[in-house]
Amino acid sequence: LSKDELAEGWIRLFDGETLFGWEGNTDANWRVEDGTIVVDKGQRGLLCTTVDFADYVLRVDFKADPQTNSGIFLRTPITPTDPKSDCYELNIAPDDDAFPTGSLVFRKKTEGNNREQWQTFEVTVAGDEITIRLDGEQIMHFVDEQPVRRGRIGLQLNQGRVAFRNIYLKPLSLDPIFDGTTLDGWKTFPEMDSTFSVTDEGLLHVENGRGQLESTESYGDFVLQLQCRTNAPHLNSGIFFRCIPGELMNGYESQIQNQFEVNRRDPADCGTGGIFRRVNARFVAADDQTWFSMTIVATGPRFGIWVNGLQVTAWTDDRKPDENPRRGLRTAPGTIMIQGHDPTTDIDFRNLRIAELPE
């Protein structure tokens, strides 16, 4: 991903090497070959993202054998039961199929578009509208009077071999929670040591610590995107979410700590994008003293975190439910907090945007 794409909010759903961040709902031979996700045998079903999305642009390359019947599921539960009502099935199928490639199964049909070569879907899902482009050409615009509002993204094994690659997503409908001028919408704690301010360049700056800045609004299931820059080596901070309002950093913490031990696959102190005291980032994807992007998706007990467009965390909180996230699974809405960690803290934030996921 380019710097411009990262600034626009794009993330990679497939890292080109592993199935990290995906889970299957049946016993099928999903695997990675030559930078592609491939399947051709096993029980019919889906390979799904572990978290939900609502409004987004999705880009994905696909290649199917001539008689393959497959698809890409949008806003789907992990095991859909009726593509007419609980998901959207973007079909990949022969031209003589009832719903050939580019159709939304049981919803709207397109002309035959199947080719024995790599093709690219770009799908915009926004509110009650779905727009589909195939190899740059718009082939579908569909408006649903009773839309499915949110769900996972799924790749389908139905019949035959199919391959997918270059799977990118840009969340839509995010609203700013920092206006670049004031701290409106945020609660400060003057009795704490951290100092939060807005710079002349419109950055949210934090220095010193220990302390926190807390959003006045609460969020339960959401997509949060931001950019961050540490202004010295080995600084420590964090983005807390689903916090108990007013309490000291009592929420899930997405760590900010770009230091690593032997190499980037060995994070120090959890690693940027890890969930502190719960799961380490699988590698360090950011550098100190350089702007990096972070995307946090929380859907029920499942969390996905991307740093510089790369997914570093896919974690499910399987603890017993509890209002206090230190003790157990908290799904209730809570505030967003930005941490001032210690006296060395010197960190900037910008482009903080969030979208609450629909019920």
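**Figure 1. Salt bridge between Arg161 and Asp40 in the predicted model.** The side chains of Arg161 and Asp40 meet with a nitrogen-to-oxygen separation of 3.7 Å. Arg161 is partly exposed, at 31% relative accessibility. Asp40 is also partly exposed, with a relative accessible area of 25%. Elsewhere in the model, salt bridges with shared partners join Asp52, Arg150, Asp221, Arg242 and Arg302 into one network.

**Figure 2. Salt bridge between Glu23 and Arg152.** The closest N and O atoms of Glu23 and Arg152 are 2.5 Å apart. Glu23 sits in strand β2 and Arg152 in strand β12 (residues 152-159), so that this pair links distant parts of the chain, 129 residues apart. Arg152 is buried because its relative accessible area is 7%, under the 20% cut-off. Glu23, by contrast, counts as partly exposed, with a relative accessibility of 29%.

**Figure 3. Salt bridge between Glu17 and Arg265.** Between the closest N and O atoms of Glu17 and Arg265 the distance is 3.9 Å. Glu17 is found in the loop between β1 (11-12) and β2 (22-24), while Arg265 is in the loop between β21 (252-256) and β22 (292-299); the pair therefore ties together parts that are 248 residues apart in sequence. Both residues are over the 50% cut-off for exposed: Glu17 has a relative accessible area of 56%, and Arg265 is at 59% relative accessibility. A search of the whole structure finds 21 salt bridges.

**Figure 4. Surroundings of Asn258.** Asn258 is located in the loop between β21 and β22. With a relative accessible area of 5%, Asn258 is buried. The side chain of Asn258 makes a polar contact with the side chain of Thr272 at 2.6 Å. A polar atom of the Asn258 side chain also lies 3.5 Å from the backbone oxygen of Asp287. Leaving aside residues up to four places away in sequence, Asn258 touches Thr230, Thr272, Val284, Ala286, Asp287, Asp288 and Phe292.

**Figure 5. Hairpin of strands β9 and β10.** Strand β9 (residues 119-126) pairs with strand β10 (residues 129-134) in the antiparallel sense, over six bridges. Ala126 stands opposite Glu129 of β10. Two residues lie between the strands of the hairpin, and Gly127 in the turn has a positive phi of about 60°.

**Figure 6. Hairpin of strands β10 and β11.** Strand β10 is joined by six bridges to strand β11 (residues 137-143), and the two run antiparallel. The bridge partner of Thr131 in β11 is His141. Two residues separate β10 from β11 in this hairpin, with Asp135 in the turn having a positive phi of about 50°. Side chains in a regular strand alternate between the two faces of the sheet.

How values were computed: Residues numbered from 1 in each chain as written. Predicted model: local features only at pLDDT ≥ 70, side-chain atom pairs only at ≥ 80, totals over all residues. Heavy atoms only, no water. Salt bridge = Lys/Arg side-chain N within 4 Å of Asp/Glu carboxyl O. Helix = DSSP H or I, 4+ residues; strand = E, 2+ residues; numbered from the N terminus. Buried < 20%, exposed > 50% of the residue type's maximum accessible area, 1.4 Å probe, protein only. Polar contact = N/O pair within 3.5 Å; in protein donor to acceptor, adjacent residues only side chain to side chain. Contact = heavy atoms within 4.5 Å. Pairing = 2+ DSSP bridges.
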